[in-house]
Amino acid sequence: MASVEIFSSLRRRRSPSLDAFLTPMEVSNGAILGILRAIAAELLVSFDKKAIFFQVKNSRNLIRKIQVISVLLDAFHEVGFSATASIVFMCLKELYLLLYRCKILIDYVKGSSKLWLLLQNHFISGNFHDLNQEISILLDVFPLCEINLSEDVEEHFELLCKQSRKSRFFIDKHDDLLRLKLFYFLNEFESGRVPERAALHSFFVEKLRICDVENCRNEIEFLEEQIVNHGVDIEPTASVLNGFVGLIRYCRFLLFRFEDEGELGDDSKKVADTCIVIPKDFCCPVSLDLMRDPVIVSTGQTYERSSIARWMQEGHYTCPKTGQMLVHTKLVPNRALSNLIVQWCVANDIPCDPPENSDYPSECALAASMSRAAVEATKVTAHLLVEELANGTPRAKAIASMEIRFLAKTGKENRACIAELGAIPLLKRLLSSEDTLAQENSVTALLNLSIFDRNKCLIMEVEGCLAAIVDVLRYGHTVEARENAAATLFSLSAVHDYKKAIAQQEWAVEALAGLLREGTERGKKDAVTALFNLSTHNENCSRMIDSGAVAALVEALVSEVVSEEAAGALALIVRQPLGASAVASEERAVAGLIGMMRWGTPRGKENVVSALLELCRSGGVATMERILKAPALAGLLQTLLSTGTKRARRKAASLARVFQRSENAHLHLGELGVEYAFAGNSAVARDATSFAGDVSMPMSISVPVL
């Protein structure tokens, strides 16, 4: 199928389209005729009138013209003509463009979804008319006198010219009536009325021949692709298209229910088992995380709002990236970048909600302009799904959980609606299902629902739900189910009041520690982020130690995948004397932390030096001596003092001062020369006593599978 981008360029007359780059400018005059004959023949052979449901008359008329053009090209080949006939060859190259555009248009009509073709009926008809007009103009200027053609071929040519001149803009009335009927159904939802099942069946099944679940899915995916690819530059608008997506999704369940063969197997292939690489331009230069609320400062640089706001609150008046002074502290929303990030998130199945404390409305692309029709269609669809979760067959429940998973993928309105209808207790029941995909889809649906903060409370209040999620984490049938259970615990632990409850849940921390040790790359990221969240609650320290989580975090220091996050969690745990003692007792802890100072990321080094500093203060004399005697530490600290981030330099300076005060400091760190550089630095002195709040840790490390 021709891409939408190429198709959309067909009518942009004032700027060169993609087709212009396909013109065979370097092809010899002798070869152009052969290329034209091949394209025309390919068009005629590949054309199948049965494959075209709409734009039938326009397509057939265009193909008839190409048939005559093909006859003319064969005649040109037989009689030949002078290689000096430059005007002829210019016309032939122009004909190449026209034929190629015909191919794009025919392929587009054959490959697009039925609903999309109805919605674009006038626009596509206009493209057919444009091509007819341009063919007519080319034929009028074609220097036929320079070619010695037979009389019958000339008659063909003249007939084609006459037919082309008579071509008029044509819109099929039958197609247009269907388009109006489609808008009628949308208007019914917009008015708060649900269309009758018989009317929907007559329209979608009998007239549009959308006869099964696969057809419905193809229609939904095609429309969603247009919203993602074109954003605001689309007609109808994204709001209207979202309404049609909701309409066809409702019809999929109302008309075809849940007993479709092969559906679960096909859709399970959509599950991703790898981490998504975030484009560099989408990451905040300060936190290095994917930006949810990008803003522009006075220097023109873009940062995550929370990161740059914290930077300013700390008393900094420069741009972190450029070092320039900030003329003012106003933060301007970067809406263009925000839209790109949202589109990327949707394309990669990453949950995205608008920033809660922003001064402008930013919604996910597929949930952005949610019209009332889309909202109402989603409500009735969710009602059908929840009803099936409650009363359907085991297979129907599995399919319903999968559809709720997809429906909860975007938009807090969808997540709120599904939860309000009572889906959470029903999904909880499926967590213990022997059906592999029912379990995987139900835990992932809970993960998607938990992204909406109000739903976190509902999940935690369902009796036994937390325990069931932990059981999936421990014994889940698939890797994806176990990983998504860990991601759900991470999502729930974002609420401070739930951190203690999660840590106290039997086997929860042990299972996270096990996943950190033995999981896939994505699983380890899910586990370490959950453990980090739990580490931020002071009362969880002893639980982290007893469960083996501290040992797992120490082991993770040598992993390129999660070392940075593991160091962040350890830096929080060692704030307490009990935690510092536990970390110090791990044989590989000091070596692992110091090793990260050599090859870790800038943020990882911040976490490492924070952990080492507190270990020296709270881990006892023996631990401090072990750190002090590390042969490479002096040089690493020196490097960090000169090249580290500002926060890392502060930590390194505090650590150096601690060493200087020890009786053996001169034996190991005399070459640092920090006494002069940091003497009397009150900020460093303060930092030595309150560093834990500066632990640098991303709050969304890995991408949950949706």
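Are Asp176 and Arg179 buried or exposed? Asp176 is buried, as is Arg179; buried means under 20% relative accessible area, exposed over 50%, partly exposed in between (1.4 Å probe, protein chains only).

The model is predicted: local features need pLDDT of at least 70, side-chain atom pairs count only at pLDDT 80 or more, and totals for chains, interfaces and linings use all residues. Residues are numbered from 1 along each chain as its sequence is written, and side-chain values use heavy atoms, with hydrogens and water left out.

View A. Asp176 pairs with Arg179 in a salt bridge (side-chain nitrogen of Lys or Arg within 4 Å of a carboxyl oxygen of Asp or Glu). Their closest N and O atoms are 2.9 Å apart. Both residues sit in helix 8 (residues 173-190), three residues apart, about one turn of the helix. Helices are DSSP runs (H or I, at least four residues), numbered from the N terminus.

**View B. Lys500 and Glu539.** Here the salt bridge spans 2.5 Å, N to O. Lys500 belongs to helix 23 (residues 496-504), and Glu539 to the loop between helix 25 (521-535) and helix 26 (541-546), so the pair ties together parts 39 residues apart in sequence. Lys500 is partly exposed, with a relative accessible area of 29%.

**View C. Glu42, Lys103 and Asp107.** Salt bridges with shared partners join these three residues into one network. Lys103 and Glu42 meet at 3.8 Å, N to O. Lys103 is in helix 4 (residues 86-111) and Glu42 in helix 2 (residues 29-46), so this pair links parts 61 residues apart in sequence. Glu42 is partly exposed, at 42% relative accessibility. The whole structure holds 24 salt bridges.

Terms used. Helix = DSSP H or I, 4+ residues; strand = E, 2+ residues; numbered from the N terminus.
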